[in-house]
There are 2 protein chains.
Amino acid sequence: MPLDPMTEIPPECDGCPIRHRAVCARCNAAELEELDRIKYYRSFQAGQTVIWSGDRMDFVGSVVSGIATLTQTMEDGRTQMVGLLLPSDFVGRPGRNEAAYDVIATTDLVMCCFRKRPFEQVIQDTPRISQRLLEMTLDELDAAREWMLVLGRKTAREKIASLLAIIARRSALASSTGPFGMVDFDLPLTREAMSDYLGLTLETVSRQISALKRDGVIELGSKRHVVVPDFARLLAEAGDDSEVLAH
Amino acid sequence: MPLDPMTEIPPECDGCPIRHRAVCARCNAAELEELDRIKYYRSFQAGQTVIWSGDRMDFVGSVVSGIATLTQTMEDGRTQMVGLLLPSDFVGRPGRNEAAYDVIATTDLVMCCFRKRPFEQVIQDTPRISQRLLEMTLDELDAAREWMLVLGRKTAREKIASLLAIIARRSALASSTGPFGMVDFDLPLTREAMSDYLGLTLETVSRQISALKRDGVIELGSKRHVVVPDFARLLAEAGDDSEVLAH
DNA sequence: CGTAGCATTGACGTCTGTCAAATTCTGTGG
DNA sequence: CCACAGAATTTGACAGACGTCAATGCTACG
């Protein structure tokens, strides 16, 4: 078990790693001050549930570090991941009292939370924040729709390639690697989480990863470390083609 | 061919059928005036394409009457519907110049369009509008995520039942039928459009509709008219259960 | 060194897709 | 009003992709 994550709280907004990407991205000093008054940090350990679907939510907030998932579950236990929350992503919905999805930390996680009621007021009063939130919500909507194509129309192999491409692209952005050619990253998800994202079974995920490895599309260091020798090849396997500029 | 739909333009905002549900829902007289200056109506015939993905968009707007679909297409022709646009739904994304999806009128369609550039300015200046847009976008995001569960985890039979339930619910709302028991409505979609929505083939859609009919879950008047004798039964077939209050 | 969780692999079944044909519906023209 | 053409829909036969069930392997941690 790692150290209590609470001991690693990030510094004030100045040095915050998501200062310029989160909902507060375009705030000026006064507006930050305003947010500061209603904010607090919370930490979660890998595997912990942040919120249960149906629970009362009295905060919204941003992922500061770590990764969380948004999932829906049917009565019989079938589950579908409907969102992957990375640093700077926003959690919760102003104007709604109950969580619509389960939010689960897949890695150790730090969140910058805002008390919900005051935050709703801030949104009313601060166009720069509500407009940023609109922009982020539109981006999420686009991502959700892109994912609908993956879920509805792609083969298992294409689904895996699509997921790897998304994660690879994000890793490349985060570490500002060259845009092309070789990329490598760690998978933040178990095979089961991947299957929940992709609408597949865990076994099919495993088989397709093996197949992509066999065909030289990817190489595996450990089970979780992926090397992509040719990113364009991966995109082609995803059925994407020429979307190099996207996202 | 019907009469030129342009001849049936709705009246001024006062009597507009979507006045209290669209992006302008919460506007006061002055704000409506503002919007009025940049708005114009456009009509499309059933089957016409409103916008092609990748095209330059110089307007955004609301569906006033009729139904349109939002679809994505892969190079090899596989398509996935990612949204169903009903009256009051918003089309287009402020701040983006190219359409991300094909928008196609499935019935005769009337749209209330706003020139994009001026509309973006209005959003900046009118919190009531941008906040309404945020709210609508959050609703769409929820709908997209609900649909991800359908696409990723439901069986063909459950998918069909889910789609019928959604359409039935909306029809019930529109015509303010009693909330329970018997419902009936016309399908606004061809079998092919349904298959694009559900991530199935047209043949599977047809077979599952026949099966639901055989099992007494639905009755068919014409091919397009559906009678649902027991709405709760339909929901159960959709795998939803107890979501009676939802949406 | 042993246990627990994660991952891989195999054998087999089934749901859904594919290909093809028949049937019903809709609108048009005679 | 009826005949006809084209589209939409239904139905059947068959195949393949993915799921299910089960065994085995790997890694980490106590």
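Around DNA strand C there are 19 residues, and the closest are Thr190(A), Arg191(A), Ser206(A), Ser210(A) and Thr204(B). A residue is near a molecule or strand if its C-beta atom, placed from the backbone, lies within 6 Å of it. This is a predicted model: local features need pLDDT of at least 70, side-chain atom pairs count only at pLDDT 80 or more, and totals for chains, interfaces and linings use all residues. Residues are numbered from 1 along each chain as its sequence is written, while chains are lettered from A and ligands numbered from 1 in the order in which they are written.

**The DNA surfaces**

Three helices each supply at least two residues of the surface near DNA strand C: helix H5 (191-198) and helix H6 (202-214) of chain A, and helix H6 (202-214) of chain B. Helices (H or I, at least four residues) and strands (E, at least two) are DSSP runs, numbered from the N terminus. H6(A) gives the largest share of this surface, six residues.

DNA strand D has 16 residues around it, of which Thr204(A), Thr190(B), Arg191(B), Ser206(B) and Ser210(B) come nearest. Two or more residues of the surface near DNA strand D come from each of H6 of chain A, helix H5 (191-198) of chain B and H6 of chain B. Here the largest share, six residues, belongs to H6(B).

The table gives the residue classes of both surfaces. Ala, Val, Leu, Ile, Met, Phe, Trp, Tyr, Cys and Pro count as nonpolar, Asp, Glu, Lys and Arg as charged, and the others, Gly among them, as polar.

Two packed helices are described by the angle between their axes and the distance between the axes. Axes are lines fitted to C-alpha atoms, for helices over the stretch in contact, and angles run from 0 to 180 degrees between N-to-C directions. In chain A, H5(A) and H6(A) pack at an angle of about 100 degrees, with their axes 8 Å apart. H5(A) and H6(A) are therefore roughly perpendicular to each other; angles under 35 degrees count as roughly parallel, over 145 as roughly antiparallel, 65 to 115 as roughly perpendicular and the rest as oblique. On the H5(A) side the contact uses Arg191(A), Glu192(A), Met194(A), Ser195(A) and Leu198(A), and on the H6(A) side Leu202(A), Val205(A) and Ser206(A). Two residues are in contact if their C-beta atoms, placed from the backbone, lie within 7 Å.

In chain B, the axes of H5(B) and H6(B) cross at roughly 100 degrees and come within 8 Å. That makes H5(B) roughly perpendicular to H6(B). The contact of H5(B) with H6(B) has four nonpolar, two polar and two charged residues.

**How the two chains meet**

Chain A and chain B each give 32 residues to their contact. On the side of chain A that touches chain B, strand E5 (79-85) and H3 each supply at least two residues, and H3(A) has the largest share, 19 residues.

Helix H3 (residues 127-153) of chain A packs against helix H3 (residues 127-153) of chain B at an angle of about 20 degrees, with their axes 9 Å apart. H3(A) and H3(B) are therefore roughly parallel to each other. The residues of this contact divide into 18 nonpolar, eight polar and four charged.

Chain A is superposed on chain B by a rotation of 180 degrees with 0.0 Å of shift along its axis (RMSD 0.0 Å). That is the relation of a two-fold axis. Copies are superposed by least squares on the C-alpha atoms of residues with pLDDT of at least 70 in both. Of the interface residues of chain A, 100% are also interface residues in chain B, so the copies meet through the same surface.
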